[in-house]
Amino acid sequence: MEEKLYRVHVLIVPYPAQGHINPAFQFAKRLAYKGIKSTLALTNYIFQSIKPSQPSHPSLQFETIADGYDDGGLAKAESIQAYIQKMEAAGSKTLSELVVKYRNSGNPIDCIVYDTCLHWVVDVAKDLGLVAAAFFTQNCAVDFVYYLVHHGMLKLPISTPVTVPGLPLMEAEDLPSLISVEGQYPAYLEMLLNQFSNSDKADFLLVNSFYKLESEVLDSMSKFCPLLTIGPTIPSFYLDKRIQNDTDYDLNLFTFDKSTSLNWLNSKPDRSVVFVSFGSLACLSDKQMEELAWGLKKSAFHFLWVTRDSKETSKLPHGFVDEIGDKGLIVNWSPQLEVLSNKALGCFLTHAGWNSTLEALSLAVPMVAMPQWTDQTTDAKFVEDVWKVGIRVRDSEDGIAGREEIERCIREVMEGERGEEMRENAKKWKELAIEAVSEGGTSDKNIDEFISKLLN
């Protein structure tokens with residue numbers, strides 16, 4: 001066997017979706033900064049889609065595993081359930097082969113950090129005699145709700161309101177939608193509940209959050225299973241600035257010309273623009289796109305709106321683009337971190353996905369939360385009622401957020417009495433996010449504890 005080149009080699013396996021890859025790679029960067037060999041295992045399809053260049057840091061690298069759909073990923077699967085099952089079979093085999101390949105090298109793998117949506121990875125790690133660390137990419141509040149449902153401490157269908165130690169009083173609309181809406185995407189619900197089917201086998205439970213953001217729920221959940229917060233996992237440039245050249249996530253499934261957005265933003269007055277983005281998965285109906293469009297126009301503020309592709313753009317009202325003129329800019333993608341940190345930005349109209357929420361909190365941007373599904377409803381509850389950094393758009397009886405409601409919420413954040421309070425609260429959370437990952441901060445200490453235990 002060759003002489004070992006690194007003290008520890010960690011293999012990180014994210015679920016193959018943009019919102020899961022980003023935090024996984026950012027955690028890998030943190031480990032590499034601290035002298036740990038870190039390998040990110042992408043699926044063959046994702047790797048070919050991104051075609052990532054070799055990371056500048058010598059302790060970082062990429063490898064690939066199979067998901068059973070190398071020629072198209074999830075889009076080629078017969079169903080969500082088929083994809084999950086096939087990925088477990090193909091992924092388990094190729095992940096084991098990858099570990100064996102490194103076993104007799106100078107960099108044998110010591111630990112696998114796995115996205116909890118891929119709960120089967122812990123069994124692979126243990127069969128191979130490796131340390132296993134579960135990585136929860138959603139916030140602790142959502143994780144705790146799934147934990148309680150999985151262990152039968154919250155029965156389905158759930159009667160509301162729900163009282164859970166560490167969480168505010170939760171109505172049906174505040175719970176993860178996969179739980180509150182019976183029969184909504186049962187394959188995804190099974191996958192998220194399965195996060196806890198074998199998590200007791202993991203040596204570590206890591207959460208993409210920071211302690212002061214969710215202290216009460218973290219304290220409550222830690223009575224059932226010990227947790228280490230290691231977030232927020234966003235590029236160091238926007239937080240502690242310790243990692244050189246860490247200015248972006250670096251792995252993007254979508255290509256874009258960022259100059260279009262930034263040049264337009266830079267021509268606008270300070271705090272005058274509403275940034276509108278619903279992430280990489282949310283799909284708004286034709287009616288909802290129409291109501292959102294007219295709500296933005298009626299608000300009379302400048303807006304930068306990301307409509308991911310031509311199919312989504314085609315849902316805009318006829319003549320809308322011509323009618324708004326320079327008041328709004330509609331693009332297919334945008335450099336979200338650079339937009340959120342731009343001085344022209346006044347607020348973020350968001351689906352309240354966890355990555356977007358963490359970014360806004362870390363960059364002191366108040367939010368208009370318009371959740372669509374899964375964890376976003378719970379994130380929106382915390383944005384409005386716990387962290388008090390935004391306001392939630394309320395749907396009408398037909399499940400559509402109307403233009404008047406959207407206009408009202410935008411105006412409240414941009415110019416209302418509560419808007420300034422939200423901005424001040426957002427500044428506080430930004431300071432605490434920076435403190436968490438800075439040297440000696442809670443998340444930084446937790447990463448050091450993780451590394452120390454691996455070394456021992």
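Biologist: Where is N245 found?

Modeller: You will find N245 in the loop between β7 and α9; helices (DSSP runs of H or I, at least four residues) and strands (DSSP runs of E, at least two) are numbered from the N terminus. This is a predicted model, in which local features need pLDDT of at least 70, side-chain atom pairs count only at pLDDT 80 or more, and totals for chains, interfaces and linings use all residues. Residues are numbered from 1 along each chain as its sequence is written, and side-chain values use heavy atoms, with hydrogens and water left out.

Biologist: Why does N245 count as exposed?

Modeller: Relative accessible area under 20% is buried, over 50% exposed, and in between partly exposed (1.4 Å probe, protein chains only). N245 has 60% relative accessibility, so it counts as exposed. Its phi is positive too, about 65 degrees, although N245 is not a glycine.

Biologist: And what makes K388 partly exposed?

Modeller: The relative accessible area of K388 is 41%, so it falls in the partly exposed class. K388 is in the loop between α15 and β13, and its phi, near 55 degrees, is likewise a positive value in a residue other than glycine. As background, most residues other than glycine have a negative phi, and most peptide bonds are trans.

Biologist: What is the peptide bond from T160 to P161, cis or trans?

Modeller: That one is cis, with omega near 5 degrees, and P161 belongs to the loop between α5 and α6. A cis peptide bond also joins G231 and P232, with omega about 5 degrees; P232 is in the loop between β7 and α9.

Biologist: Let's turn to the sheet. In what order do its six strands stand?

Modeller: The order is β10-β9-β8-β11-β12-β13, an open sheet with parallel pairing. β10 (328-331) and β13 (390-392) each have a single partner strand, so they stand at the edges and one side of each lacks a neighbour in the sheet. On average, neighbouring strands are turned by 15 degrees against each other, direction ignored.

Biologist: How do you know that β12 and β13 are joined?

Modeller: DSSP must find at least two bridges between two strands for them to pair. Three bridges join β12 (residues 367-369) to β13, and the two run parallel. M367, for example, stands opposite G390 in β13.

Biologist: Why is α15 described as largely enclosed?

Modeller: Nine of its 11 residues are buried, so the rest of the structure largely encloses α15. Among the buried ones are F382 and V383, along with D379, K381 and E384. Their cover includes α5 (140-150), α14 (354-362) and α17 (417-437), where contact means heavy atoms within 4.5 Å. Helix α15 (residues 376-386) lies across β12 and β13, at about 135 degrees to β13; axes are lines fitted to C-alpha atoms, for helices over the stretch in contact, and angles run from 0 to 180 degrees between N-to-C directions.

Biologist: Why is the aromatic pair of Y147 and F196 called edge-to-face?

Modeller: Rings of Phe, Tyr and Trp (its six-membered ring) pair if their centres lie within 6.5 Å; planes under 30 degrees apart are stacked, over 60 edge-to-face, and the rest tilted. Y147 and F196 are 5.2 Å apart centre to centre, with 90 degrees between the planes, which puts them in the edge-to-face class. They sit 49 residues apart, Y147 in helix α5 and F196 in the loop between α7 (186-193) and β6 (204-207). Both Y147 and F196 are buried. By contrast, F303 and F320 form a stacked pair, 6.3 Å centre to centre with 25 degrees between the planes.

Biologist: What makes K241 a charge over the ring of F237?

Modeller: The rule asks for NZ of Lys or CZ of Arg within 6 Å of the ring centre and within 35 degrees of the ring normal. The charged end of K241 sits over the F237 ring, 4.4 Å from its centre. K86 lies over the face of Y69 at 4.7 Å from the ring centre.
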